[in-house]
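Here are my notes on this structure, written as numbered points. Please keep the sequence and the 3D view open while reading.

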Amino acid sequence: MAGSTLKQGTGKELRRLFAMLTSAIGETLGSLVGRELVIRPGEVEILDSEALLGTLQKTYAVARGALDKGFAGKTLYVLFEAPDAVAMAGMLMMTPEDVIQQRRAKGTIEGEDAEAFGELGNVLCSGMGNVLREALGNIDIRLQDHGVVKPGLDKDGMLPAGAMVALTFKMKVGDFPEATGYLLTDLETAELW
């Protein structure tokens, strides 16, 4: 399953929607934290949680958005490298730059940074909801919860079971180094989109 790509000709609309969602991520979070967020969508592929966890090199913060209306019971996942999640959380809380640098160096997200990441997730879901409603009509999204996954480990069960569609994206928060993020949903939802 790892690394499967979408069938020829079936992924065009999905790639377009995912590109619009990544643009919304950049615009929404950039305006919230008061820094430029540059996001470039990458490739769309089909994989499962085990395959994704096997490719991770760092700890990731996960925001799970619960879909409703026509997609009730489905979830949209956004994964950010922990140092970027810490940076955005710190910027939201107006944490001094040197403290943000120290927390980024830890490579994990905890305490008040994790709490602030939840606030970012709420606003993020609102921004992505606008894109989804415009593109699909009868749909909305709200933050369900947030947590952490590590290379090879999802101890809190943040990721879905079974096949999912993943879009990788490159993200640059302010002057920090570019990092990789993921936008995920289950295969059935992706096919409907």
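1. Leaving aside its neighbours within four places in sequence, which residues is isoleucine 25 in contact with? In this predicted model, the list is Gly30, Leu37, Ile39, Val78, Phe80, Leu124, Met128, Phe169 and Leu183.

2. Isoleucine 25 also belongs to the largest nonpolar core, which has 49 residues. Ile25, Phe80, Leu183 and Trp193 are the members that touch the most others. Two or more residues each come from helices H1, H3 (82–92) and H5, and from strands S2 (37–47), S3 (60–69), S4 (75–81), S5 (139–149) and S6 (164–173). H5 gives the largest share, 9 residues. Another core, of 16 residues, lies apart from this one and includes Leu47, Val149, Met158 and Met164. As background, nonpolar side chains tend to be buried together in soluble globular proteins.

3. Next, the helix pair. Two packed helices are described by the angle between their axes and the distance between the axes. For H1 (residues 12–33) and H5 (residues 111–136) the angle is about 145 degrees, and the axes are 9 Å apart. The crossing of H1 past H5 is right-handed. Residues of H1 that meet H5 include Leu17, Leu21, Ile25 and Leu32, and on the H5 side the contact includes Leu120, Leu124, Met128 and Leu136. The residues of this contact divide into 16 nonpolar, 2 polar and no charged.

4. Strand S7 (residues 179–186) has 8 of its 8 residues buried, so S7 is largely enclosed by the rest of the structure. In a regular strand the side chains alternate between the two faces of the sheet. In S7, Ala179, Gly181, Leu183 and Thr185 point one way, while Thr180, Tyr182, Leu184 and Asp186 point the other way; all are buried.

5. What does S7 pair with? S4 and S7 run antiparallel and are joined by 4 bridges, and leucine 76 has threonine 185 in S7 as its bridge partner. S6 and S7 are also antiparallel, over 8 bridges; here lysine 170 is partnered by threonine 180 in S7. S6 and S7 form a hairpin with 5 residues between them, and glycine 174 in the turn has a positive phi of about 55 degrees.

6. Not counting residues up to four places away in sequence, leucine 67 touches, among others, Leu76, Leu132, Ile141 and Trp193. Leucine 67 and isoleucine 109 are 42 residues apart in sequence, and their C-alpha atoms are 25 Å apart in space.

Note on methods
Residues are numbered from 1 along each chain as its sequence is written. This is a predicted model: local features need pLDDT of at least 70, side-chain atom pairs count only at pLDDT 80 or more; totals for chains, interfaces and linings use all residues. Side-chain values use heavy atoms; hydrogens and water are left out. Axes are lines fitted to C-alpha atoms, for helices over the stretch in contact, and angles run from 0 to 180 degrees between N-to-C directions. A crossing is left-handed if the near helix is turned anticlockwise from the far one by less than a right angle, and right-handed if clockwise. Contact means heavy atoms within 4.5 Å. Ala, Val, Leu, Ile, Met, Phe, Trp, Tyr, Cys and Pro count as nonpolar, Asp, Glu, Lys and Arg as charged, and the others, Gly among them, as polar. A nonpolar core is a set of buried Ala, Val, Leu, Ile, Met, Phe, Trp, Tyr and Cys residues joined through side-chain atoms within 4.5 Å. Buried means under 20% relative accessible area, exposed over 50%, partly exposed in between (1.4 Å probe, protein chains only). Two strands pair if DSSP finds at least two bridges between them.
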